[in-house]
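Here is a friendly briefing to read with the model open beside you.

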Amino acid sequence: MTRYIIQRLVYMIITMFLIATLTFFLMKLLPGSPLASADKLSEEQQAVVLEKYGLNDPIPVQYYNYMVNLAQGDLGISFQFDNREVTTIIMDRIGPSMQLGIQAMVIGTILGMLLGLVSALYHNSPLDYTSTFLAVLGQSIPSFVFAGLLQFYIGVKLGWFPVALWEGWEYTVLPTVSLAIFPIAIAARFMRTEMLEVMGSDYIVTARAKGVNKFGVIIKHGLRNALIPLITVLGPLAIGLMTGTLVIENIFAVPGIGEQFVKAINVNDYPIIMGTTLLLAFMFIFIILVIDLLYGVIDPRIRLAEGE
Amino acid sequence: MDNHKPSKDLFVPVDRTDEQSEKIERPSLSFWQDSFIRLRKNVGAMIGLAVLVILALLAIFGPYMNDHGQYEQDLSRAKVPPKVDGLGWLGMDGTLSDVIEADSVEDAEQKALMRFNNQEEFITTEVLNDGSNGEQVEVKATLDVYSARNIEENFWFGTDGLGRDQWTRTWMGTRVSLYIAFLAAAIDMVIGVAYGGISAYYGGRVDNYMQRVIEILVGIPNLVLIILMILILDPGILSITIALAISGWISMARIVRGQILKLKNQEFVLASRTLGAKDSRILQRHLIPNVLGLIIINTMFSIPSAIFFEAFLSFIGLGLPTPMASLGTLIDAGFKSLQIYPHILLFPAIIISLVMIAFNVLADGLRDAFDPKMRE
Amino acid sequence: MEKLLEVKNMHVSFDTYGGEVKAVRGVNFDVNKGETLAIVGESGSGKSVTTKALMQLIPQPPGRIKEGEILFEGRDLAKMNEKQMQKIRGKEISMIFQDPMTSLNPTMKVGNQIMEGLIKHQKMSKAQARKRVSELLELVGIPDAENRINQYPHQFSGGMRQRVVVAIALACNPKLLIADEPTTALDVTIQAQILELMKDIQKKTDSATIFITHDLGVVANVADRVAVMYAGKIVEIGTVDDIFYNPQHPYTWGLLGSMPSLDSEDEELYAIPGSPPDLLNPPKGDAFAARNEYAMKIDFEQEPPMFKVSDTHYAATWLLHENAPKIEPPEAVKKRMEGNANGSSSSEGERI
């Protein structure tokens with residue numbers, strides 16, 4: 001197990017290094033510099049600015065400096081906000097993004113599991129068809145369309161929850177719901193399939209043959225075995241949510257990293273774009289790693305096979 | 001026990017022929033015939049297919065169904081709500097309405113006039129709550145936009161902020177979105193199948209090297225890859241397609257490789273090899289038919305994902321440049337005036353949702369139809 | 001002998017998209033206290049469905065018991081609801097399944113899986129149940145029971161897992177044990193061990209057993225009586241000696257002829273031609289007619305009733321009708337029948 005973790009960590013570092021390198025050189029290919037929005041500066045002033053961002057150095061030196069700083073968690077200085085460090089800007093804004101993501105993830109998987117469970121237990125009933133149909137809708141309709149519907153009907157027309165901004169829990173309701181619909185749908189569909197498969201397996205018949213009642217069969221024998229594979233969808237779900245927050249934060253004007261990222265793209269603030277990209281990449285890779293390890297911990301077949 | 005008396009002449013032996021004992025009771029169906037029958041029986045998938053055909057036809061012919069060009073601007077008719085004769089009950093009656101609250105009916109009507117730029121003669125008001133129960137007065141004011149602006153013709157989906165016909169733009173946008181999605185899915189398929197196929201078929205060292213490359217690429221989140229690609233390529237139909245394809249082929253390659261590796265070592269392929277079948281025959285008769293289903297299913301799922309990412313890129317400012325329309329750019333634009341003119345968002349949002357649902361349902365149906373485990 | 005179980009005219013059907021599949025079409029048999037009844041037949045002959053239906057373990061829907069009575073100590077199991085059945089399952093009737101690799105819950109400790117029935121039916125405390133589990137594991141021949149209790153199924157070999165399955169079935173001292181091909185998925189050496197174990201246990205516990213198998217060698221070894229099933233019906237039923245040394249149904253002849261025996265090395269093995277009928281549309285007349293060398297016109301028109309051969313022996317074939325021509329059974333079977341008449345062979349000696 002330890003060897004496996006170390007191996008995975010090494011792969012993770014290599015991937016991060018490659019992504020950082022790729023990002024750096026791609027950014028160098030791009031037009032635009034901190035001077036783009038300030039062309040009225042004198043030549044001396046321009047030189048000062050270029051010096052400040054280290055843009056006068058040869059590319060390999062810039063690359064070396066960038067990587068050294070990166071290793072220390074320093075993502076450089078923003079172009080658009082004078083003298084503000086990208087790391088600080090991101091740290092200031094990560095709170096709302098994390099809160100949205102976690103809320104949507106927790107609500108989404110729990111509701112989805114329940115929906116899928118009901119579907120599987122009442123297989124081929126109207127209840128099953130309805131929840132399967134809703135799950136297909138939830139999986140297919142993009143989160144921004146839901147966001148639009150909620151914003152217009154719940155926010156504008158009914159006025160139940162605020163339409164935008166971030167000033168208290170009620171402001172998190174609409175964005176969280178818009179984001180949670182996708183994980184609800186995916187978890188529900190996955191749970192349904194897994195549960196149906198598990199309930200059709202031989203050991204469920206064994207349990208029934210022992211005289212275990214329906215509830216006991218479902219909870220003790222069915223659910224646990226169906227939940228283990230559910231862990232594998234958590235990774236893609238979390239990644240889907242991060243993609244979603246980029247858009248949802250913009251629609252609901254949530255001051256998170258997603259909103260910042262889109263602003264940065266519009267003004268070519270490369271240090272922020274690079275920083276956010278690296279952060280996203282890091283989080284993706286980290287989540288996948290955690291989920292793989294979690295799977296090993298929860299499934300006794302993997303846990304013990306590794307341990308022996 | 002023996003309560004019936006069968007006649008004696010029945011007790012004569014009959015010649016049992018082999019055809020009788022080996023008779024096959026059901027007609028035999030090939031894999032594809034069987035899959036196709038199963039798909040046809042799947043009501044959801046068939047509805048999905050029908051919706052896609054209708055939307056595709058509208059995307060092709062829709063823009064020519066009226067005389068407006070997709071870039072034809074006219075600010076005098078900006079943000080006109082949709083109007084279709086006979087569909088007034090659906091809200092497509094060319095009016096804007098709002099519920100206004102005030103302290104008295106007069107105040108409310110005054111506010112309504114201000115809300116709709118004092119076009120008094122075209123406003124009808126309806127008192128919802130005259131305030132007699134102590135609550136705020138509520139008046140519903142409706143403005144007939146077409147008469148107020150003196151517009152003769154009907155805009156079926158209304159117009160956008162620059163007075164461009166939404167019908168034409170929506171179908172042009174659908175066309176562009178579908179085009180990008182199909183092209184990206186096709187490129188994914190070609191690269192993925194080639195890469196996965198070569199890697200698995202040749203195996204050994206080739207496979208080893210090709211897999212190391214995949215392992216590293218798979219670690220790079222496709223969102224990051226897409227954003228970086230768009231940033232350097234400048235947004236456009238081709239660059240978006242390339243960016244989507246670059247991130248999309250990896251999963252296809254892995255699926256194809258996995259399936260071929262599995263098949264390669266199965267007894268029926270080994271048996272065929274033992275009987276002296278050539279590589280080309282094994283490939284044609286055994287490998288391709290067994291992988292094809294998976295390839296089709298995976299491609300069907302990658303199309304809606306490409307449509308989503310195209311729209312997503314529009315949202316983060318990396319979509320098609322103005323004035324081009326795609327479903328993503330139309331929806332993005334719609335959000336800017338959602339509160340007062342929801343119709344600008346409504347139609348592209350409905351269509352992207354329909355396209356996504358239809359593709360997902362059809363892909364689900366295909367998956368069920370091609371899955372040998374489902375056969376009974 | 002006192003009857004423990006009486007099955008009368010049981011029909012089981014599955015409703016599929018293609019139509020109603022009549023998997024069991026009117027089955028009658030009984031099981032006495034302490035005896036072993038073997039049910040033999042090809043795959044798809046309905047033997048598994050028959051026994052699963054006894055415990056109402058067929059998936060419902062699509063499966064259903066269409067008609068018939070299942071009298072267990074006088075109570076009709078076919079009319080019981082799920083709640084009542086839960087009190088029967090595991091306590092009075094329990095089941096051993098075919099594949100030990102899939103019939104244990106992979107994420108539950110073996111001890112807990114055995115304990116479940118004890119806690120439910122005998123209201124034991126956890127500590128009591130644990131003690132009993134240790135005893136059971138010793139009984140089924142699993143050493144080091146104290147440690148094994150806390151292990152997961154994947155840490156056991158196939159044979160050991162099947163011993164666990166047996167322990168689960170035995171936990172509450174059931175009156176009737178149903179073994180659904182308990183040795184089919186095992187290696188030959190392990191098969192013998194499990195068979196010995198089951199015989200041993202039966203001696204100790206005196207429970208009745210229904211033993212399903214398609215392996216006639218196993219039948220000769222364990223059974224008191226044998227029922228031969230074909231296409232959802234019992235075509236011949238009798239004691240082991242009846243079936244092995246005086247078979248009457250051509251299908252039984254075929255089965256016996258396809259079984260290798262030690263004293264006939266030089267002969268070619270016989271294979272029954274063709275395959276079983278499609279139970280979605282069972283053929284008219286005798287379902288076996290199409291594969292029957294001795295088929296008569298009547299076989300294609302009317303289903304044969306059960307003819308009585310002796311007090312213990314019945315067979316459903318028109319060949320036993322008074323009007324039927326005298327037919328010689330195939331060579332291999334005849335030899336066997338003669339062998340028995342001379343008293344030179346006994347049922348105990350019949351092993352593969």
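**Where chains A and B meet**

In this predicted model, 31 residues of chain B are in contact with 36 residues of chain A.

- On the side of chain B that touches chain A, the elements giving two or more residues are α7 (204–219), α8 (222–233), α11 (279–315), α12 (327–336) and α13 of chain B.
- The largest share of that side, eight residues, is supplied by α13(B).
- Sorted by class, the side of chain B that touches chain A holds 26 nonpolar and five polar residues, with no charged residues.

**Nonpolar cores**

- The largest nonpolar core has 151 residues, and those touching the most other members are A187(A), M191(A), V224(B), A306(B), I307(B), I331(B) and I352(B).
- Helix α13 (residues 343–370) of chain B gives 17 residues, the largest share of this core.
- Domain 1 (92–149) and domain 2 (166–370) of chain B both contribute residues to this core, so it lies between them.

**A buried arginine in chain B**

- R164(B) sits in the loop between α5 (145–148) and α6 (166–202) of chain B.
- Is R164(B) buried or exposed? It counts as buried, because 22 C-beta neighbours lie inside 10 Å.
- Apart from neighbours within four places in sequence, R164(B) has contacts with Q70(B), Y71(B), E72(B), Q73(B), T159(B) and R169(B).
- From C-alpha to C-alpha, R164(B) and A59(B) are 17 Å apart in space, and they are 105 residues apart in sequence.

**Helix α10 of chain A**

- In helix α10 (residues 257–266) of chain A, the buried residues are I257(A), G258(A), E259(A), Q260(A), F261(A) and A264(A).
- These buried residues of α10(A) pack against α4 (86–121), α9 (214–251) and α11 (270–298) of chain A.
- After α10(A) comes N268(A), which has a positive phi near 55°.

**The four-stranded sheet of chain C**

- Four strands of chain C make an open sheet in the order β2-β1-β4-β5, and their pairing is antiparallel.
- The edges are held by β2 (19–32) and β5 (75–76) of chain C, each with a single partner strand, so one side of each has no neighbour in the sheet.
- Strand β1 (residues 3–16) of chain C pairs with β2(C) in the antiparallel sense over eleven bridges, and V7(C) stands opposite F29(C) in β2(C).
- Helix α1 (residues 47–54) of chain C lies across β1, β2 and β4 (63–72) of chain C, and runs at about 70° to β2(C).

- Strand β3 (residues 36–40) and strand β9 (residues 225–230) of chain C are paired in the parallel sense over four bridges, with A38(C) opposite V226(C) in β9(C).
- β9(C) and β10(C) pair in the antiparallel sense over six bridges, and M229(C) stands opposite I234(C) in β10(C).
- The hairpin of β9(C) and β10(C) has two residues between the strands, and A231(C) takes a positive phi near 50° there.
- β10(C) is mostly covered, with six of its seven residues buried.
- β10(C) also pairs with strand β12 (residues 313–315) of chain C in the antiparallel sense over two bridges, where A315(C) is the bridge partner of E236(C).

Notes
Residues numbered from 1 in each chain as written. Chains lettered and ligands numbered in written order. Predicted model: local features only at pLDDT ≥ 70, side-chain atom pairs only at ≥ 80, totals over all residues. Pairing = 2+ DSSP bridges. Contact = placed C-beta atoms within 7 Å. Axes fitted to C-alpha atoms, helices over the stretch in contact; angles between N-to-C directions. Core = buried A, V, L, I, M, F, W, Y, C linked by C-beta atoms within 7 Å. Buried ≥ 20, exposed ≤ 12 C-beta atoms within 10 Å, placed from the backbone. Domains from an automatic or database assignment. Nonpolar A, V, L, I, M, F, W, Y, C, P; charged D, E, K, R; others polar.
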